[in-house]
Amino acid sequence: MLSALVINLLSIFISIFPATETGLHVKVLGLKSNDGNIILGVFKNNGSFPTIGEQYKGYELQIKDKKASIWIKDLPKGTYAIGICHDLNSNNKMDKNFVGFPQEPYGMSKNVRGYLSNPTFAQASFYFDGSMTLEIKVE
């Protein structure tokens with residue numbers, strides 16, 4: 001009888017306080033179309049940020065209803081920066097004009113923007129403690 005009571009109490013407790021999901025949840029905001037895909041790079045150091053192909057971890061996200069998001073569950077605690085490109089033509093690179101300015105929407109963690117150059121790793125970096133959500137706007 002006591003064990004049945006304990007089981008009932010545990011099931012009520014679990015339903016009231018569900019386990020929170022751990023990992024890094026990244027939501028991409030400001031998408032103006034469903035064309036192409038999102039290229040997302042997680043960077044660990046200044047030397048490679050924000051060059052696609054030189055990231056610590058890379059992901060390709062599908063866009064649905066002008067929204068994209070990802071749960072990154074295997075990321076150790078540490079300092080990171082994120083770079084995102086809305087790859088409109090799905091050629092797996094950031095298209096640039098002859099001067100080198102981006103021709104596709106992009107965004108960085110902390111929503112930092114460069115003026116005549118890319119933001120630095122220090123400007124875009126954040127400390128990941130094991131569970132957090134970032135909202136990154138692409139423009």
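**Pocket, contacts and burial**

Q: By class, what makes up the lining of the largest pocket?
A: The lining has 16 nonpolar, 9 polar and 1 charged residues. The model is a predicted one.

Q: How much space lies in the largest pocket, and which residues are the closest to its centre?
A: The space is about 480 Å³. Of the 26 residues in the lining, Pro50, Met94, Lys96, Pro102 and Asn118 are the closest to the centre.

Q: Which strands each supply at least two residues of that lining?
A: They are β2 (37–43), β5 (78–87) and β6 (106–108). The largest share, 4 residues, comes from β2.

Q: What makes the contact of Lys57 and Asp74 a salt bridge?
A: A side-chain nitrogen of Lys within 4 Å of a carboxyl oxygen of Asp is enough, and here the N to O distance is 3.3 Å. Lys57 belongs to strand β3 (residues 57–61) and Asp74 to the loop between β4 (68–72) and β5, so the bridge ties together parts that are 17 residues apart in sequence. A search of the whole structure gives 1 salt bridge.

Q: How many aromatic pairs does a search of the whole structure find?
A: The search finds 3.

Q: Why do the rings of Phe43 and Phe49 count as a pair, and of which kind?
A: Ring centres within 6.5 Å make a pair, and planes over 60 degrees apart make it edge-to-face. The centres of Phe43 and Phe49 are 5.3 Å apart and the planes stand at 85°, so this pair is edge-to-face. Phe43, Phe49 and Phe121 form one aromatic cluster.

Q: How do you know whether Phe43 and Phe49 are buried or exposed?
A: The limit for buried is under 20% relative accessible area. Phe43 has 1%, so it is buried. Phe49 has 8%, so it is buried as well.

Q: What places the charged end of Arg113 over the ring of Tyr106?
A: The distance limit is 6 Å from the ring centre, with a further limit of 35 degrees from the ring normal. The charged end of Arg113 sits over the ring, 3.9 Å from its centre. Likewise, Lys44 lies over the face of Tyr56, at 4.5 Å from the ring centre.

Q: How far apart are Asp95 and Cys85, in sequence and in space?
A: They are 10 residues apart in sequence and 9.4 Å apart in space, C-alpha to C-alpha.

How values were computed
Residues numbered from 1 in each chain as written. Predicted model: local features only at pLDDT ≥ 70, side-chain atom pairs only at ≥ 80, totals over all residues. Heavy atoms only, no water. 1 Å grid on protein atoms, 1.4 Å probe; cavity = no way out; pocket = protein on both sides within 12 Å on 5 of 7 lines; lining within 4 Å. Points joined across faces, edges and corners; volume = space filled by probe spheres on them. Nonpolar A, V, L, I, M, F, W, Y, C, P; charged D, E, K, R; others polar. Phe/Tyr/Trp six-rings, centres within 6.5 Å; stacked < 30°, edge-to-face > 60°. Buried < 20%, exposed > 50% of the residue type's maximum accessible area, 1.4 Å probe, protein only.
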